[in-house]
Amino acid sequence: MEAVTLDRAAATDALVSVRDLTVRFVSKEATVHAVNGVSFDLAAGEVLVILGESGSGKSVSLRALMRLLPARKTVIEGDIRVAGQDVLAMAPRALEDFRGGVVSMIFQEPMTALDPVFTIGTQIAETIIRHEGISRAEADRRALELLELVQVPSAKRRLGNYPHELSGGLRQRAMIAIALACRPKLLLADEPTTALDATVQIQILLLLRKLQQELGMGVIFVTHDLGVAGEIADRVAVMYAGRFVESGMVEEVMKRPLHPYTQGLMGSTVHAGLRGVRLAAIPGAPPDLARLPPGCAFAPRCAYAEEACRAAVPAEKRPVPEHMARCIRIAA
Amino acid sequence: MAIDTASAPRDRGGPAQPLLIVRGLKRYFPIKGGLLNRAAGTVQAVDGIGFSVMKGETLGIVGESGCGKSTTARLLMRLMEPDAGEVIFDGEPVGPGGMSLREMRRQIQMVFQDSYASLNPRLPIEDTIAFAPTVHGVPKAKARAKARELLAAVGLAPDQFARRYPHELSGGQRQRVNIARALALEPRVIVLDEPVSALDKSVEAQVLNLLIDLKQQFGLTYIFISHDLNVVQFISDRVLVMYLGQVAEIGPVESIYGAPRHPYTQALLASRPSMDPARRMTEPPLTGDPPNPINPPSGCRFRTRCAFAEDVCAAVVPTLAGAGSHDPHLAACHMQVPGSGHSRAAARAA
């Protein structure tokens, strides 16, 4: 992989800088600790894939970056900076400009993200007009360009289509076009290929990778699929019970996973050549985020757990520069 | 009718008799629309599907959404009436004059993707598992005892779990309950429709291991439906690839995955993301989405997305054919048949 700069010295002017992010959902019955101290940097033009199972806090972290979580029930703490702006301190008006202008997001279900009563063309054009204040004719012209950019066949005709008239793959392309309408510096992708068929999924993945390289966007891509990380990531972070338990360059993490959870995830992922072999499944199930165990949250399922694991959350260790894992078994 | 099958011979036709033969299964759904609610078209959901399942094997069915794999399962179970086709269970046709539906459903059980929707939320799981045997005439106490045995068999400690309700269980645990429920009538075949698709990866592996163990323990035959090519490869002995309501290719798992013959199977397999960042894909194997099953293309249904399509593909519907009369690996592609009129067919025959 060339053309990817990962100069940590430049981390101070990183595109995204997150420090000690915690997100809690508070209700009368319980407090759910969805994100519990996440810190990371993302350089401009870099692709970070956050891997995790359901309830690991990966989507909540992503939504916190855009402050898309319901304000009244959510307590967000820590520090989030995107393109030099303090996201958690933003006033409502600034937040509106920020969303779609600097950062935009694509979702798993394009049907719920698109407005069913407006045509695709209108929805793209409206986005541009709202942010850049250009004329409708100019916005329509840009909308056509965008649909061509995301490789929608016969784009001109598709501009007049409503979302329900499009296939799943085309809808996902239309949503990407809207997200890219104002040339964001950062694209957040929440499992955008999970609901798609295999032959369409790879098309959308390759399209996102191509657009990311052409436009030089930073991308944070949330998924449960190791294969997606293998195809698109520069860096990978593995999330468990609201914490990054491991992160590093994709080759490093996929080839030499350090954390027992990452190792377990790789061992339990079915891939070619495993026929007749018993899968090395991780026992048990992920913890309840309303009742997190003290210490390492993976300890109850971990074959190597000992007393010290349950005492305190393991510190970040870096046996190799750029490769972090939170496990007491790692030296250094 | 009691279900104490210890005395009754379970196997009738012998080991060489396929446990299940499906022939010409067909189901069209009319689409109503317009002012007078007249039929505006038909979805050809399943169009002439045929296959057989040998005793003790696992047949995997793969295909993309809308290809008709779930409809096939529902037609097989008669949860939906087929427009045409027949099902033969261990040599006995299902339907009037043959095996009754009630008996067939005792022999073939099903597990669905949505583990929550397929359990009664107001029954403790023990009662859910015991429900069907009680309906079939087993005394309540006996059915309960059996339910507890089955809970243990699927890895849920009966003392801890028997009285719980579905909402008190995780997705993986609920799917274990669904499997135990399917086993309660001592069926010979279990149709698993995307049984692990809604589960997390770490839990998926647990359930797959369990399914393999249970198959051994209870001498089961599986039909395993999934969109996940890796999972199907892992669990199946033979694989059936569906495209727009028809069989594109069927054969032993090694040759389907090792030497796929249908261009669709080839593209489907090539679409799997690699786990190796050093070997990333550069071009997608296929462009576009699967076409709408309302008006499928003439001839070969895959031809609109196929790189090798020629005139013959639009004119003639390809039939399933192998390399010889005893070839277990069949593909519905003109390129496989010498003399079909496809330019690549002649080259292959030579």
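Both faces of strand S7 of chain A are covered. On one side A:Leu186, A:Leu188 and A:Asp190 are buried, and on the other A:Leu187 and A:Ala189 are buried. Buried means that 20 or more other C-beta atoms, placed from the backbone, lie within 10 Å of the residue's own. This is a predicted model: local features need pLDDT of at least 70, side-chain atom pairs count only at pLDDT 80 or more, and totals for chains, interfaces and linings use all residues. Residues are numbered from 1 along each chain as its sequence is written, while chains are lettered from A and ligands numbered from 1 in the order in which they are written.

**Strand S7 of chain A and its partners**
- Strands (E, at least two residues) and helices (H or I, at least four) are DSSP runs, numbered from the N terminus.
- Strand S6 (residues 103–106) of chain A pairs with S7(A) in the parallel sense over 4 bridges. Pairing requires that DSSP finds at least two bridges between two strands.
- A:Met105 has A:Leu188 as its bridge partner in S7(A).
- Strand S8 (residues 218–223) of chain A also pairs with S7(A) in the parallel sense, over 5 bridges.
- A:Asp190 has A:Val222 as its bridge partner in S8(A).

**Helix H8 of chain A**
- S7(A), H8(A) and S8(A) make a right-handed β-α-β unit. Right-handed means that, with the strands pointing away from the viewer, the path from the first strand over the helix to the second runs clockwise.
- H8(A) covers residues 198–215, 18 residues in total. Its first and last C-alpha atoms are 26 Å apart, close to the 26 Å expected at 1.5 Å a residue. The expected span is 1.5 Å times one less than the number of residues.
- Buried residues of H8(A) include A:Ala198, A:Ile202, A:Leu205 and A:Leu208.
- A:Gly216 follows H8(A), with a positive phi near 65°.

**Helix H7 of chain B**
- H7(B) runs over residues 201–218 and has 18 residues.
- Among its buried residues are B:Val203, B:Val207, B:Leu211 and B:Leu214.
- Their cover includes helix H11 (260–268) of chain A, together with helices H4 (140–153), H6 (171–183) and H8 (229–235) of chain B. Contact here means C-beta atoms, placed from the backbone, within 7 Å.
- B:Gly219 follows H7(B), and its phi is positive, near 60°.

**Sheet of chain B**
- An open sheet of 7 strands has the order S6-S7-S8-S3-S9-S10-S11, with mixed pairing. S6 (108–111) and S11 (330–331) are the edge strands, each pairing on one side only.
- S9 (residues 238–243) and S10 (residues 246–252) run antiparallel, joined by 6 bridges.

Methods. Buried ≥ 20, exposed ≤ 12 C-beta atoms within 10 Å, placed from the backbone. Contact = placed C-beta atoms within 7 Å.
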